Every structure is written in C-alpha cells, then in structure tokens.
Amino acid sequence: MNDDLTRHTMEDIDPDLLDFLKNKVTSFVKWDFIRFFHENPHTTDTAENIARYAGRNVHTTRTELAELAASGVLTENRLGDMTVYALVNDPRIRELIGRFVEASNQRDFRVKAVYHIIRSMR
Amino acid sequence: MKRVNTGVPGLDEMLHGGLLPQTATLVEGAPGTGKTTLGMQFIYDGIATHGEAGIILTFEQFPSQYYHDAANFGWDFRRLEQEGKLRIIMTSPEVSMAYLEQAGGQIEQLTHQMGARRILVDSLSHFERLAADPVHLRQMIYGFINGLKREGLTAILTRENSALIGEAEGPDENIPFLVDTYILLRYVEMESSIRKALLVLKMRGSDHDKDIRQFSITPRGVEVQSRFEGQEGILSGSPHRMAASFIEAFVRR
C-alpha cells in the first residue's frame, strides 16, 4: 500500500531528479548541505567549520559530509592535517544540483521530496 | 611607482595616489564603520576601472550577503562572478592558510586562472580564534600576508575593533606592525551626533596624508571628505573645540 503510494507520488518527478533524490539526498541534513554548497560553490572547508556555517551538530555533519563525498556530490581531500570538503567539479552533477535546488523551491516537489526522505529514513 | 587606486574618493589623495602594489593594508574599525564597504569598493574599482580581477575571502558572511550589500551601491557582484572577474570564497582562516602554504592551492590557482590582482580578506579577526598565544598568532598572520604578496595580490584586510567610541586595545596589537598600510575608521561624537573619521596611521614606503578626515557611506560607497576643522581629541571619540582646550590649558596654569 505504502509502496504504491510512493510510486504514485514520485512517478511524475523528472527521472534524473528522482534518481538524485533517491541516491544522494537520503536525509534532511544532506539536503541542507547540498543547498549550502550550491549557494557557496567555492567553499572548501572542514566538517567543523561547515557545521558552524550551517548551524548543525559537528558529529552529524562529519557523517553526512562523508556520505555525500562517497556518493560523488562532494570531494573529500586531505589538506595538511585537515579533511576538507568541496562541491565536485563535474558540471553534470553541478547542473543536477542546481535543478534539484530550483525544484525544491516549488512546493509540490518539496512535499514529494520530504515524503520520500521520511520514508527512506524509516 | 605605480599605485593601486582604492576607488574611494578622497582616500587615494590621502595615500598620495593609492596603495603600493603587492602590499597588505589593514582597515580597522568598530562594527558598522564601513570596513567591508571600503574593501568591496576596492575590489569593485579594480574590476570596473582597471580591469583587475578580484577575490573576496570571507570568514563569516555568506556570499549572498556580499551580493546584497554590493547591490545597494550599484555593484553587481553576482554578474561579475559569472563573468569570471570576481570570486567570493567563504572559508576559514585555517583552510585558506593551508592552501597558501601548499603549491597549487586555491588562491594560487585563482590568481593564475582569473588574473586576480586584488583581494579582500574579511576579516583578520577570525585568525584570533586559532591561537591564544600572541607570538604564534603573529607568526600565522605574517605567513598569511606574505603568501598573499607572493601571489602578486594587493590586499585589504579588515579587522574588528570592539570599541564604538574611544580607545580600545585589540587582542593582538602586533598586527599593525605586520601590514604595510594601516587605516583606522572611528566613530566620533560631535554636537549630539555620530560622525565617522578616517585616519591613515601608517604607509610603509610612502608618504601619506596625516589628517583625520570625515567620511560617509553614500549611495556610491565610501567617500572621504574634509578634515575635522577646529577640533581636537578626535581619536578619543569625544572631540572638543580647540579654543576650549586652549582656555582649559590656560586656566590650569
């Protein structure tokens, strides 16, 4: 029943965005960071500082940024004794992120995305 | 010697033509005095008047804040970024310092790719959280400033001063020794209103105007005006007329 509802709710979403949502945006914190890096595309920083900019808990930030790096949204590099994160340079991913952020400004898409994330977090 | 115009009317005259290339200028002042505006104006003037790309390194404000603030003066920073003439980077002192130390770091790449010649670092105050020891802090900032100069950049570095009026000691008073030019922005209480004063305290390798000048933030940015006539004690924040102080001195005798 729930699967049917999800399928029905998500089926009119752009397939690329749906794939991005399913595979990259698996939590609200990730959604936040994706938006953060979209708005600050030149930022390269540590998890501690990014947590401060975003007003998030450092421990959660560290985990979520590492997962975003593993999924190819961010890069994770060593800089001296620090681990720093930045948006990937891949124009295809950047374009997809731009489309995702733009779509998430629309209520209809946002409701569906929120529903999907809540469901995937269960 | 060629000068780097700041684009701030009145200030270039005080600096006898502008800043010296590949130097570091500290602009210090209380909140709201116009440090960031002056820095943005320097960056905008470089792009718009001299064709010199610029970088803004921000340790606190988001790029969107700069877009918004610059737009108030008619400077379209978002468009300049899209055109590759400006880059606003929100980062931290430790990361930017680490990049400057390594070959091929972010700032080095940008200076080569964009041909950037000017940088605004907003603000140097954020280095203070990296080291409690003033000697260590001084070494860090010294290395950072030298890294910017090595990349051929002429830098304006802002620093917050907590005192709204009157004298205030910063956490590290060594920093003015590390820079080439030191500009102080102050609030001055005068005739029941607050005015703003600008003073060039130091300019290594060049003579400069020693006047304490009034300045204001206009719809076109910072504009430095005339000197404070007939007033003394301006840096105390509460000046008094020279005649009164003369009488006071006379009566004391």
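**Helices, a sheet and a chain contact**

Author: In this predicted model, helix H3 (residues 28-39) of chain A packs with helix H5 (residues 58-70) of chain A at an angle of about 70 degrees, and their axes are 10 Å apart.

Reader: Why is H3(A) called roughly perpendicular to H5(A)?

Author: Angles of 65 to 115 degrees count as roughly perpendicular. The angle here is about 70 degrees. Therefore H3(A) is roughly perpendicular to H5(A).

Reader: Which residues of H3(A) and H5(A) meet?

Author: From H3(A) come A:Val29, A:Lys30 and A:Phe33. They meet A:Thr60, A:Glu64, A:Leu65, A:Glu67 and A:Leu68 in H5(A). The contact divides into four nonpolar, one polar and three charged residues.

Reader: What makes E3 and E9 of chain B edge strands?

Author: The open sheet has nine strands, in the order E3-E2-E4-E5-E1-E6-E7-E8-E9 (chain B). Its pairing is mixed. E3 and strand E9 (221-227) each pair on one side only, and they are the edge strands. From one strand to the next, the twist averages 25 degrees.

Reader: How do you know that E2 and E4 of chain B pair?

Author: Pairing needs at least two bridges. Strand E2 (residues 53-58) and strand E4 (residues 116-122) of chain B share six bridges, in the parallel sense. So the two strands count as paired. B:Leu57 stands opposite B:Val121 in E4(B).

Reader: How many residues of chain B are in contact with chain A?

Author: 14 residues of chain B are in contact with 12 residues of chain A. Helix H3 (63-71), strand E3 (86-90) and helix H5 (93-101) of chain B each give two or more residues to that side of chain B. The side divides into eight nonpolar, four polar and two charged residues.

Notes
Residues are numbered from 1 along each chain as its sequence is written. Chains are lettered from A and ligands numbered from 1 in the order in which they are written. This is a predicted model: local features need pLDDT of at least 70, side-chain atom pairs count only at pLDDT 80 or more; totals for chains, interfaces and linings use all residues. Two residues are in contact if their C-beta atoms, placed from the backbone, lie within 7 Å. Helices (H or I, at least four residues) and strands (E, at least two) are DSSP runs, numbered from the N terminus. Ala, Val, Leu, Ile, Met, Phe, Trp, Tyr, Cys and Pro count as nonpolar, Asp, Glu, Lys and Arg as charged, and the others, Gly among them, as polar. Axes are lines fitted to C-alpha atoms, for helices over the stretch in contact, and angles run from 0 to 180 degrees between N-to-C directions. Angles under 35 degrees count as roughly parallel, over 145 as roughly antiparallel, 65 to 115 as roughly perpendicular and the rest as oblique.
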